[in-house]
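Subject: Structure for you to look at

Hello,

Here is the structure I promised. Please open it first, then read my notes below.

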Amino acid sequence: MNFLLSRANVGIFSRDDKSSYQWLASHLSSHRCVQTVESVQVSNNGGARFTEGVRRCTFAILYHTKKRGRINITDVTDSLYDEELSQLSSTKGQGNVIVVVDDLEDDDNNGYKDRILLNQPSLQRLVTEVFCFTLEEKMTLTNKYPAPKMMAKLRQIEKMIEERAWGKKRQKIIFLVWIALGIGSLLMIWRLTTNHRFLTTFQTFFRKLQY
């Protein structure tokens with residue numbers, strides 16, 4: 001039955017140290033549909049390591065923090081992830097790639113996301129969703145009652161991962177059903193053939209007795 005249990009290998013890709021997004025990795029690693037959470041460092045001379053990280057993951061998160069000073073992911077001057085986003089999207093598929101923008105100032109109307117998508121339109125083509133997290137929201141994770149908006153975003157990410165994992169599980173179930181149907185058809189043909197041979201042999205034997 002373990003063959004039917006399909007869980008996602010999540011890769012978090014970033015130019016920042018993994019300590020910046022440890023909060024996200026720790027939260028996702030406890031989810032039932034997550035097998036592993038791997039940190040993949042993005043650098044100008046780390047193409048082979050990046051490609052290997054893409055190969056191993058089934059769901060990709062590109063992480064960027066505002067602490068770098070700008071939200072320059074793609075399409076803008078000095079953008080940091082043009083090539084990486086294209087490779088993630090073409091290899092994993094748009095539906096298996098999201099962007100997380102972290103450490104923003106408080107933003108009640110979700111204006112950050114709208115401005116990012118307006119100024120960096122390739123994101124709408126390359127990734128399935130952009131999630132913006134503020135410093136204030138993250139601080140509530142250590143409290144007994146985290147911010148509802150924060151938890152709603154995390155649940156949405158978890159749901160995406162779960163849907164992708166179920167999609168892979170569904171493919172395995174369909175594959176097993178086809179195998180079972182194929183084996184059943186072969187057994188039926190074998191039985192019909194065997195019964196026909198037995199009947200033919202019996203008829204031949206009976207004719208010999210008549211002579």
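**Cysteines, strands and cores**

Cys-132 is buried, with a relative accessible area of 6%. Buried means under 20% relative accessible area, exposed over 50%, partly exposed in between (1.4 Å probe, protein chains only). Cys-57 is buried too, at 4%. The disulfide count is 0, a disulfide being a pair of cysteine sulfur atoms within 2.5 Å.

This is a predicted model: local features need pLDDT of at least 70, side-chain atom pairs count only at pLDDT 80 or more, and totals for chains, interfaces and linings use all residues. Residues are numbered from 1 along each chain as its sequence is written, and side-chain values use heavy atoms, without hydrogens or water.

Strands (E, at least two residues) and helices (H or I, at least four) are DSSP runs, numbered from the N terminus. In a regular strand, side chains alternate between the two faces of the sheet. In S5, one side has Glu-129, Phe-131 and Phe-133; the other has Val-130, Cys-132 and Thr-134.

S5 pairs with S4 (residues 97–104) in the parallel sense, over 5 bridges. Pairing needs at least two DSSP bridges. Val-99 stands opposite Val-130.

The largest nonpolar core has 26 residues, and Val-99 is among those with the most contacts inside it. Such a core is a set of buried Ala, Val, Leu, Ile, Met, Phe, Trp, Tyr and Cys residues joined through side-chain atoms within 4.5 Å. S4 gives the most to this core, with 4 residues. A second, separate core of 23 residues includes Phe-59 and Ile-157.

Best wishes
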